[in-house]
Each structure stands twice: as structure tokens, then as C-alpha cells.
Amino acid sequence: MTATGFLRESGQKNREIAAALRVSERSVERWRRAWRERGEAGVQSKGSPGRPRLGPGQLARLEQELERGPLAHGWADQRWTLARIKTLIGRLFHVSYTVEGTWQLLKRLGWLWQQPARRAIERDDGAVEVWREETWPRVRESRRSATRGWSSRTKPGSR
């Protein structure tokens, strides 16, 4: 039975209705008050609040703006982050998405997650290879002790 059906039957207590519908007694009280004040229209569902959706035209414009890159929208580098895209959507369409909602939207549009390689532009691969072959073995060897170590905090002879 629906909430409207329960409210029509005036003989039931709020506690019984709440238990049957698995809601709080306060919800039943609110529904009864709305029923008394506005009738059936007062307890009709207003629909799911849901997330605001962008239309097909807005999605096409969003993709065009993303293709222009972050520099065109005032950011200092060429990385699109979810937070930046969320901000861009808010600026362009006055619609608020969560970071997770932004990610879901991008996946629907066919965008993929990418992480830039973390290498400096100035990196010299030749110098890195020389260091790895010549310097690192010397540094690594010097850390080894000549005698066996002891794992206990106390000296072996002090027992």
C-alpha cells in the first residue's frame, strides 16, 4: 500500500504507518499535515532531485571548450583536472556538478583518464644512464658494513 492509501485510513497510528512503510514517524506526521492542508496534491512526489543534466547542445559546446584547452580558460598549464572541468561547467552553463558527477559525464562523452609522464623537460637521459651505471654502484657498496650486524638493542656480551 502507498503512503496515500495509509493516510486515507484515519484509524492507523503514525507508528504503525511508519513501521509498515519503513520511514520515521516524523515523516508520517509531515505527510499527514500536508494531506490536511493541501489534500492529495500535498503528498504527491515532486520527483527525484537528481543531478542537473546538460542538453545535447550544451554537451557539444562543453567538448569544444575542452578541446580549446585550459590555457584558453585562464589556467596556467595544459592539464584538465576534474575540479577545473567542474568549474568550467559552472561558468559556462550555471550548473553545479560534483567532482564524481563530472567524471561520469566525461566518461559518457568518451573522454579517458590520463596522467602525464613525470619527467622534467630538462632531463638528460644520457647523464641518468651514466649515473646509474657508474655512480650508483659505488654509493650502494659504501653503505654495506664489513662485519655482521646485530639486531638486538643490547650488546651480545652484556647478557
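**View 1. Helices H2 and H3 pack at an angle of about 110 degrees, with their axes 8 Å apart.** H2 covers residues 14-21 and H3 covers residues 25-38; helices here are DSSP runs (H or I, at least four residues), strands are E runs of at least two, and both are numbered from the N terminus. The axes are lines fitted to C-alpha atoms, for helices over the stretch in contact, and angles run from 0 to 180 degrees between N-to-C directions. This is a predicted model, where local features need pLDDT of at least 70 and side-chain atom pairs count only at pLDDT 80 or more, while totals for chains, interfaces and linings use all residues. Residues are numbered from 1 along each chain as its sequence is written, and side-chain values use heavy atoms, with hydrogens and water left out.

H2 and H3 are therefore roughly perpendicular to each other (65 to 115 degrees; under 35 is roughly parallel, over 145 roughly antiparallel, and the rest oblique). On the H2 side, Asn14, Arg15, Ile17, Ala18 and Leu21 meet Glu25, Val28, Glu29, Trp31 and Arg32 of H3, where contact means heavy atoms within 4.5 Å. Sorted by class, that contact has 5 nonpolar, 1 polar and 4 charged residues (nonpolar is Ala, Val, Leu, Ile, Met, Phe, Trp, Tyr, Cys and Pro; charged is Asp, Glu, Lys and Arg; the others, Gly among them, are polar).

**View 2. Arg22 sits in the loop between H2 and H3.** Not a glycine, Arg22 still has a positive phi of about 60 degrees. With a relative accessible area of 78%, Arg22 is exposed (over 50%; buried is under 20%, partly exposed in between, with a 1.4 Å probe and protein chains only).

**View 3. His94 is found in the loop between H6 and H7.** Here's another positive phi on a residue that is not a glycine: about 55 degrees for His94. His94 is exposed too, at a relative accessible area of 71%.

**View 4. Arg84 lies in helix H6, residues 82-93.** This arginine is buried, with a relative accessible area of 14%. Skip the residues up to four places away in sequence, and Arg84 touches Pro70, Trp75, Asp77 and Arg79.

**View 5. Phe93 has its place in helix H6.** At 11% relative accessibility, Phe93 counts as buried. Leaving aside neighbours within four places in sequence, Phe93 is in contact with Leu54, Gln58, Arg61 and Leu62.

**View 6. The largest nonpolar core holds 13 residues.** Such a core is a set of buried Ala, Val, Leu, Ile, Met, Phe, Trp, Tyr and Cys residues joined through side-chain atoms within 4.5 Å. Leu54, Leu62, Leu66, Ile89, Phe93, Tyr97 and Leu105 touch the most other members. Helix H5 (56-68), H6 and helix H7 (99-108) are the elements that give two or more residues to this core, and H6 has the largest share, 5 residues.

**View 7. Zooming out, the protein chain has 8 helices and 0 strands.** Buried residues make up 21% of its 159 residues. Among contacts between residues at least 6 apart in sequence, 36% join residues at least 24 apart.
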